[in-house]
Structures are given as C-alpha cells and as structure tokens.
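Please look through the sequence and the 3D structure below before reading the notes that follow. They are arranged by topic, for someone meeting this structure for the first time.

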Amino acid sequence: MIDNLKSTSRVTEVDAVSMRMLGVYQTTSLSSDPHLSTMFTELESLSAALTAAINRSKAESDLEEKDEARDTQIRALYYLVMGFLHHPNAAIQQAAQTVDKVFEKYGVSITGESYATESSLIASLLNDLSKQKIQDAIALLPGCADVITALQAAQQAFEAARITYEQEKAQESTQASATKQKPQLVALINDKIVVYLRAMEVVDVETYGAFARTIATIIAENNEVVKKRRKKEEPVG
C-alpha cells in the first residue's frame, strides 16, 4: 500500500517528490484517466509554484551572504589602515593617514545601512579611493590594494545577486512563500493522489499497479530520509 508523504518533510524534499512523481506520470499512458489527469495537472502547477518560492528563498539567502562578504572587506580595510596608523615607518604612517581621511567619511558603520544605502556609500568610497593621490598612498601600504580589490569584487557580486533577488521578488505579490505552498502540495498528494491510486490499484491492478508501486517507492524513500533525520536530531539520554 502507498504510504502518505510525511508532513514533516522539508520544502525541498516535497518539491523533489512532486517532480519525481510528475516525471513518472509523464512516462505512462494514464493521461487518458480524466481524474488522475486533473490531479497531476494541479500537482504540476503547485510544484512549479513551490519551486519558484524556493528559488526566491535561495536568492534572498545568497543576497545576505554577498552582503556579509562586502561587510567583511569594509572591516578588513578599516583594521588594516588602523594598524598602519601606528607603523614605525613615517612614510607608511603618513600614507595611512591619507587613506584614513577618506575612509573616516564613511566608517565601518556603513555596514549597518540598508542594502541600497550601503551600495551607494561603497560606490562613493571606491571612487574616492581611486583618485591618484590616494592611489599613491595605498601603494605604500602592503595589502591595502588587495583589500580594496576584494571589496570591489564583493560589491559587484552583491549587485549581481541583488538583481537576481529583485527578479524573484517581483513575483512575490502573486506567489505564496515556500512554507505556505508546502501544505497544499502535501495535501494534494496524500488526500487525493495517494487515496485514488490505492483504490485504483485494487480495482485495476494491470493498468495502475506498476505506476502505484513506483509512486509508493518515491514516497517511501523520502519518508525514510525524514525518519533517519528525526532519529539523528532526537536528544540522547
């Protein structure tokens, strides 16, 4: 008998199960069954919506990571320059003061600004640092040019990630979040598709048997992963 898909499955697991079910269904001739066809049409729609919701979540997570990467370089530049301000070599100390005068207009606090504000400030900082007088001072500070280059790269990576995020975000007004999509998909699989296939496997095993067994295997494999994970998460003692 086909087991129900565990509701404790992760959104990505439910998405994977639904895609595997759709893939198997498309290799059969069961589209002639209007009831099953309607269910799988709905499954395809909900699965696509869940995938889109997951992609939005991934894009947001990636944006946060890229923001932290540029914040790291801002802090690295700050600490590097601060260190050189106390360097025993007068020329290096003077060069550090020149760079510090530029950096202090922005400060490490820009890392706490909104994405848009921080991007604007970083662009302005990089522009100021690119001026010839400042470049000459930077050249006297070992590693400083490398940190600035890394900041430029981190800023470019952030802006690319932001475009991706905004593209995904644009659909959010008409699409629910992944956590809201998952219960609908689980309900469709358990309350409609599984129930129907259980009955049809008994009524017409020749037509539905192989397909029902494959769906049962897909669900069982997922449920086993969920079961093992829960055992691993249970406290000992």
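The crossing of α2 and α6 is left-handed, a term used when the near helix is turned anticlockwise from the far one by less than a right angle. This is a predicted model, in which local features need pLDDT of at least 70 and side-chain atom pairs count only at pLDDT 80 or more, while totals for chains, interfaces and linings use all residues. Residues are numbered from 1 along each chain as its sequence is written, and side-chain values use heavy atoms, with hydrogens and water left out.

**Helix pairs**

- The axes of α2 and α6 lie 8 Å apart, and the two helices pack at an angle of about 160 degrees, axes being lines fitted to C-alpha atoms over the stretch in contact, with angles from 0 to 180 degrees between N-to-C directions.
- The helices α2 and α6 are therefore roughly antiparallel to each other, the word for angles over 145 degrees.
- Sorted by class, the contact of α2 with α6 has 18 nonpolar, four polar and 10 charged residues, where Ala, Val, Leu, Ile, Met, Phe, Trp, Tyr, Cys and Pro count as nonpolar, Asp, Glu, Lys and Arg as charged, and the others, Gly among them, as polar.
- Helix α1 (residues 11–25) and α2 have axes that come within 9 Å and cross at roughly 140 degrees, and α1 passes α2 in a left-handed crossing.
- Residues of α1 including V14, M21 and Y25 take part where α1 meets α2, whose residues there include F40, L43 and I54.

- Helix α4 (residues 115–129) has 15 residues and reaches 21 Å from its first C-alpha to its last, close to the 21 Å expected at 1.5 Å a residue, the expected span being 1.5 Å times one less than the number of residues.
- In α3, the buried residues are I92, A95, A96, T98, V99, D100, V102 and F103, and what covers them includes α2, α4 and α5.

**Residue I134**

- I134 has its place in helix α5 and is buried, with a relative accessible area of 8%.
- Not counting residues up to four places away in sequence, I134 touches T98, V99, V102, D128 and L129, contact meaning heavy atoms within 4.5 Å.

Notes. Helix = DSSP H or I, 4+ residues; strand = E, 2+ residues; numbered from the N terminus. Buried < 20%, exposed > 50% of the residue type's maximum accessible area, 1.4 Å probe, protein only. Parallel < 35°, antiparallel > 145°, perpendicular 65-115°, else oblique.
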